[in-house]
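Thanks for making time this morning.

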Amino acid sequence: MKKRTLGQGLQVSELGLGCMGMSEFYGATDETESMATIHRALELGINLLDTADIYGPFKNEELVGRAIRGRRDDVVIATKFGNVRDTQGQSLGIRGDPEYVRQACDASLKRLGVDHIDLYYQHRVDTKVPIEDTVGAMAELVRAGKVRHLGLSEAAPETIRRAHATHPITALQTEYSLWTRDVEENDVLSTVRELGIGFVAYSPLGRGFLTGRFKTFDDLPADDFRRSNPRFQGENFERNLDLVREVERLARDKGATPGQLALAWVLARGEEIVPIPGTKHVRYLEENVGATRIELSSDEIARLDNMIPIGAATGTRYANMTTVHR
């Protein structure tokens, strides 16, 4: 597994592992299989594990903490705060006030069972609190040795600039894939490149849609949150399936799976970009890692860009888009 460098010299594997679905959102969970998936990821050279306090809620950090016990030095732990939920999973809004930043960090450290967090993100921007105040509190955590690097998730260019001026930002995490390319046209990607900030791409497989595994809406488990996602519903599903068929055709030509091709495309967008496909199964993890061995020519990249241009996907990526790019 090759390494890539995010901002501030933080080196991570070129492919990370999103752990969210191991505890919630994507149907039934299996802790034994999830633990095996994390262990296999480490064996394959993946060292960036991505979690958040709200996943579970709270259970995912505990799971990751148990999985890495005895292997702390092999792992770059990324977790997040700011999306607030109670123990029953009820959303309580977004908080970025300094008091909450400190409370959330201490709680995450305890659940993870570690003495520091390698990369600590503000999960969503709290527009009620100046970003300078939030990042200032995060910077205090760095000085206290509780956090090594700071990140933002789903922040707008001006917010990124103000945050970076307060304390160097190591990574911006935002959704990015063949069917989610808004960061290419809203100056988010160009801004982080200008400032030397790494880009961590979540949902690089389009929440699994780009793998070709879903042919009908009923292929989604009954308790899967994607059932409420606009891109997976009604006519949107059928139109987006046409995009996947285009990916499948080129994947066959490359001797790859559609998911591997989609990941290879993200990897080819720049050395500062690190995709973190999520999975809770060893077999899908191993398939994803296979994408790192696929090289796309400039003609193949152009073909994919033309097949699925910016804005090609039908439907918004969240039912409520008010909390992204703020």
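In what order do the strands of the open sheet run, and is their pairing parallel or antiparallel? Please keep in mind that this is a predicted model. The open sheet has eight strands, and reading across we find β3-β4-β5-β8-β9-β10-β11-β12, paired in the parallel sense. At the edges stand β3, residues 17-18, and β12, residues 273-275, and each has a single partner strand, so one side of each is left without a neighbour in the sheet. Within this order, β8 (residues 117-122) and β9 (residues 147-153) are joined by five bridges in parallel pairing, and Y120 has L150 in β9 as its bridge partner.

Now to the helices. Helix α1, residues 31-43, packs with helix α9, residues 282-289, at an angle of about 25°, and their axes are 9 Å apart. Since angles under 35 degrees count as roughly parallel, the two helices, α1 and α9, are therefore described as roughly parallel to each other; the crossing of α1 and α9 is right-handed. On the α1 side the contact involves E33, A36, T37, R40 and A41, which meet V282, L285 and E286 of α9, and by class this contact of α1 with α9 comprises four nonpolar, one polar and three charged residues.

Finally, the glycine: G82 sits in the loop between β5 (76-81) and β6 (83-85), and because its relative accessibility is 0%, G82 counts as buried. Leaving aside residues up to four places away in sequence, G82 touches D53, G93, I94, R95, Y100 and H123. From G82 to I54 the C-alpha to C-alpha separation is 8.8 Å, although the two are 28 residues apart in sequence.

Technical notes:
Residues numbered from 1 in each chain as written. Predicted model: local features only at pLDDT ≥ 70, side-chain atom pairs only at ≥ 80, totals over all residues. Heavy atoms only, no water. Axes fitted to C-alpha atoms, helices over the stretch in contact; angles between N-to-C directions. Helix = DSSP H or I, 4+ residues; strand = E, 2+ residues; numbered from the N terminus. Parallel < 35°, antiparallel > 145°, perpendicular 65-115°, else oblique. Left-handed = near helix turned anticlockwise from the far one by under 90°. Contact = heavy atoms within 4.5 Å. Nonpolar A, V, L, I, M, F, W, Y, C, P; charged D, E, K, R; others polar. Pairing = 2+ DSSP bridges. Buried < 20%, exposed > 50% of the residue type's maximum accessible area, 1.4 Å probe, protein only.
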